[in-house]
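Here are a few quick notes on the fold, to read with the model open.

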Amino acid sequence: MKRQGVYLPLLLLAIVGLLYAWVPAPPAEEKGREVVDARGTRVQVPLHAQRILGTSTAIDSALLALVEPEKLVAVSRDSRSPLSNPDWQQARRSRAVIERNPEAESIVALRPDLVFLPDYTEESMAASLRALGIPTVVVTTPYRVEEVETLVRQVGTACGEPEETERVIASYRRKVAAIAERARRIPEAERRTVLMISSMVGYGGTGSLFAAGNRTAGLLNAAEVAGIPDHTPFTEERMLLMDPDILFVPYYDGNSEKQINHILADPALQTLSAVRERRVTPIRPAYVYNSSLRLSDAMAATQALGYPEYFPARAEAYRKELQDLVRFVQEERKKKK
């Protein structure tokens, strides 16, 4: 029985290979085109993909900006969340939902004709999908503000949307330039340090895209200023060492409010500048967990919430947006019960 379990996957791959061998080759003009992915692999992709799969919220965001939502065979669950994705309404027009870090079997079951994987995915996943005849393109995970453009261009090239790709990149650049221009109004002596409270260890710390985006927005990353390496847990002791001026807390529901109240009441944290000044700020998760085209929106939000005295109307708009979305999500949950 054990030997049978080992050989069955190989047998299935062999059968699939034979089936593809029996299919007549399409005319040259229908074979598609070749692209080079983030790992330097040459991939033959269809000219006009109709069943596209992104496998991450960042890739979903690029796809939603470049192609019709109906062409997405599925999107990640977070992409359909009003709190987690500014494009959630478009994402809900896609055909299905796929979980984070999906298994190959889940991808194959959706019958995609083009798949995008983030570059932190194991190479064996891409190889397995390609062995089954599924065009699979690995794309860059951004760690710098300008690398968002790289991700979008890789997706747009594979989708055959060069003009739309350049249009959305130009729009992104204009937004980033406007944010940088507003940041110049803030004197260097008044620049604030920021720390994001996350359930993921050290998320948003030194070297992160969150830190890079905040630099553009005129904010300083507390972990970088304190010299704390990336992916280091933000313990109470380290928080006291960093002494951030602002704590951003991603807000989902009542539990997030309890977390904020706990931080404000914690005796061990009363000397923190953020606690003393009552700058423990709830924020839409889409504005702190973001490595997509919507990074420009995220930077605009952290800038306004970080300096409400400079951007009062913008800060109030973001606070109201969060309240409205939380209310909407709560109503949706009630309807499902």
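Before we start: two strands count as paired if DSSP finds at least two bridges between them. Also keep in mind that this is a predicted model.

1. Let's begin at one end of the sheet. Strand 4 (residues 72-76) runs parallel to strand 5, and two bridges join them. Within strand 5, isoleucine 98 is the residue that serine 76 stands opposite.

2. Zooming out, the sheet is open and built from five strands, with parallel pairing and the order 5-4-3-6-7. Its edges are strand 5 (97-98) and strand 7 (136-139), each pairing on one side only.

3. Now for the helices on the sheet. Helix 2 (residues 57-66) lies across strand 3 (52-53), strand 4, strand 6 (114-118) and strand 7, and makes about 135° with strand 4. Helix 5 (residues 123-131) also packs on the sheet, where it touches strand 6 and strand 7; the angle between the directions of helix 5 and strand 7 is about 160°.

4. How do helix 2 and helix 6 pack, and how far apart are their axes? Helix 6 covers residues 147-159; the angle is about 55° and the axes are 10 Å apart. The two helices are therefore oblique to each other, and their crossing is right-handed.

5. Worth a look in the viewer is who makes that contact. Helix 2 brings Ala58, Ile59, Ala62, Leu63 and Leu66, while helix 6 supplies Leu151, Val152, Val155, Gly156 and Cys159. By class, the contact residues split into nine nonpolar and one polar, with no charged ones.

Note on methods: Residues are numbered from 1 along each chain as its sequence is written. This is a predicted model: local features need pLDDT of at least 70, side-chain atom pairs count only at pLDDT 80 or more; totals for chains, interfaces and linings use all residues. Side-chain values use heavy atoms; hydrogens and water are left out. Helices (H or I, at least four residues) and strands (E, at least two) are DSSP runs, numbered from the N terminus. Contact means heavy atoms within 4.5 Å. Axes are lines fitted to C-alpha atoms, for helices over the stretch in contact, and angles run from 0 to 180 degrees between N-to-C directions. Angles under 35 degrees count as roughly parallel, over 145 as roughly antiparallel, 65 to 115 as roughly perpendicular and the rest as oblique. A crossing is left-handed if the near helix is turned anticlockwise from the far one by less than a right angle, and right-handed if clockwise. Ala, Val, Leu, Ile, Met, Phe, Trp, Tyr, Cys and Pro count as nonpolar, Asp, Glu, Lys and Arg as charged, and the others, Gly among them, as polar.
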